[in-house]
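Student: I am new to this structure. Could you show me how to read its features, step by step?

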Amino acid sequence: MALTVWNEENYQTRGLMLMAKRVSELTKGDLSLRVEYGGSLGYKGAELLNAVNDGQLDIAEMVTSNVAGDAPVLALRTLPMMVDSWQEVELFDKLAKPYYEKVLDRKNQKLLLISPWPFGGLWSKKKVTDIKDMQGLKIRSYDRNGALFAAACKAQALNVPYAETYTGLATGLIDSTITSSISVREGKFYEVCKFHMPIRFSTASSITTINRKVWDKLTPDQQKALMTAAAECEKFLRDEVKRVVAENDDFCYHNGVTKVDVSGTYHNQLVAAAGMVANDWLESNKKAADAIELYNKFMTEKKKLK
């Protein structure tokens with residue numbers, strides 16, 4: 001059995017279902033994988049790593065930053081303005097894989113695949129073309145990094161739950177949010193946020209893991225089939241996230257939102273502001289040698305892509 005907390009329509013869920021279908025095809029029905037999604041089993045995102053560790057779940061898809069716990073390296077990917085393109089997303093995930101595998105070894109699990117989430121853009125009730133335009137902007141924030149970033153941009157961060165974001169925007173409690181067009185569409189924020197600045201603030205990742213004892217009970221042929229299906233699933237998800245984002249961007253633009261291109265100057269200003277957040281995070285996690293090592297390795301390798 002494999003679990004994801006997302007609904008049936010979410011591309012992460014569809015990817016897991018594809019993996020289950022391919023496993024059955026590759027093993028001619030000898031190995032089957034039942035996919036559970038949404039709140040069907042009662043687990044929350046932050047509980048999934050331990051649930052697989054304890055054997056409560058065989059396989060689960062989980063957002064790395066949600067399950068970081070005592071492994072800060074799992075949260076590194078979400079540092080603001082660190083990853084700037086889908087090419088850099090693939091680079092980071094490639095470099096991160098052995099570090100994730102070491103964490104999962106301690107958690108009685110094997111890594112099946114890493115899948116990306118969309119970049120967060122700035123959606124606002126006013127047009128923003130320069131960091132000066134962000135001064136005083138009331139931005140919805142959901143974590144420490146977001147709050148520190150807002151402060152570095154001289155904006156005001158407010159911790160508003162997703163379910164209350166539309167009301168907050170409509171009433172003026174907040175006037176902007178950093179999220180993806182998927183959330184904007186689902187929450188109907190496009191009705192109250194009329195400008196989209198695709199700043200590529202950050203992008204999360206998910207990992208899909210299997211309990212080590214469950215893995216060890218599979219035959220070599222079943223293990224090979226599962227890893228083949230997982231690789232196909234990962235490729236699907238890396239392509240599908242781009243398609244889904246483009247589709248939802250277009251929906252928002254056709255429903256009253258104006259796209260505001262981010263200039264090189266504005267981008268550089270945001271990167272500089274984010275640097276303060278990265279320094280704070282690195283200092284707070286200086287004992288996490290693997291996270292520091294991965295950060296430095298990625299920042300060095302990304303320069304070669306330019």
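Tutor: Gladly, and we can start with a term. A polar contact is a pair of N or O atoms within 3.5 Å; within protein, one must be able to donate a hydrogen and the other to accept it, and residues adjacent in sequence count only if both atoms are side-chain atoms. Here, the side chains of Thr209 and Gln109 make such a contact, at 2.6 Å.

Student: What should I know about the model before going on?

Tutor: This is a predicted model, in which local features need pLDDT of at least 70 and side-chain atom pairs count only at pLDDT 80 or more, while totals for chains, interfaces and linings use all residues. Residues are numbered from 1 along each chain as its sequence is written, and side-chain values use heavy atoms, with hydrogens and water left out.

Student: How many helices and strands are there in the protein?

Tutor: Helices (H or I, at least four residues) and strands (E, at least two) are DSSP runs, numbered from the N terminus. The protein has 10 helices and 11 strands. Thr209, for example, sits in strand β10, which covers residues 203-211.

Student: Is Thr209 buried or exposed?

Tutor: Buried means under 20% relative accessible area, exposed over 50%, and partly exposed in between (1.4 Å probe, protein chains only). Thr209 has a relative accessible area of 0%, so it is buried. Across the 306 residues of the protein, 51% count as buried.

Student: Which residues does Thr209 touch?

Tutor: Contact means heavy atoms within 4.5 Å. Leaving aside residues up to four places away in sequence, Thr209 touches Val52, Asp58, Ile59, Ala60, Met62, Leu104, Gln109, Lys110 and Leu112. For the whole protein, take the contacts with a separation of 6 or more: residues 24 or more positions apart account for 77% of them.

Student: What about Ser202, buried or exposed?

Tutor: Ser202 is in the loop between β9 and β10, and its 11% relative accessibility makes it buried. Among the residues that Ser202 touches are Thr78, Pro118 and Gly120.

Student: And Lys154, buried or exposed?

Tutor: Lys154 is exposed, with a relative accessible area of 59%. Its place is the loop between α4 (144-152) and β7 (156-159). Beyond residues up to four places away in sequence, Lys154 touches Met134, Gln135 and Gly136.

Student: Finally, what is the radius of gyration of the protein?

Tutor: The radius of gyration is taken over C-alpha atoms, and the globule rule is 2.2 Å times the number of residues to the power 0.38. For 306 residues, a compact globule would have a value near 19 Å, so the 20 Å of the protein agrees. Along its principal axes, the C-alpha trace spans about 60 × 40 × 35 Å.
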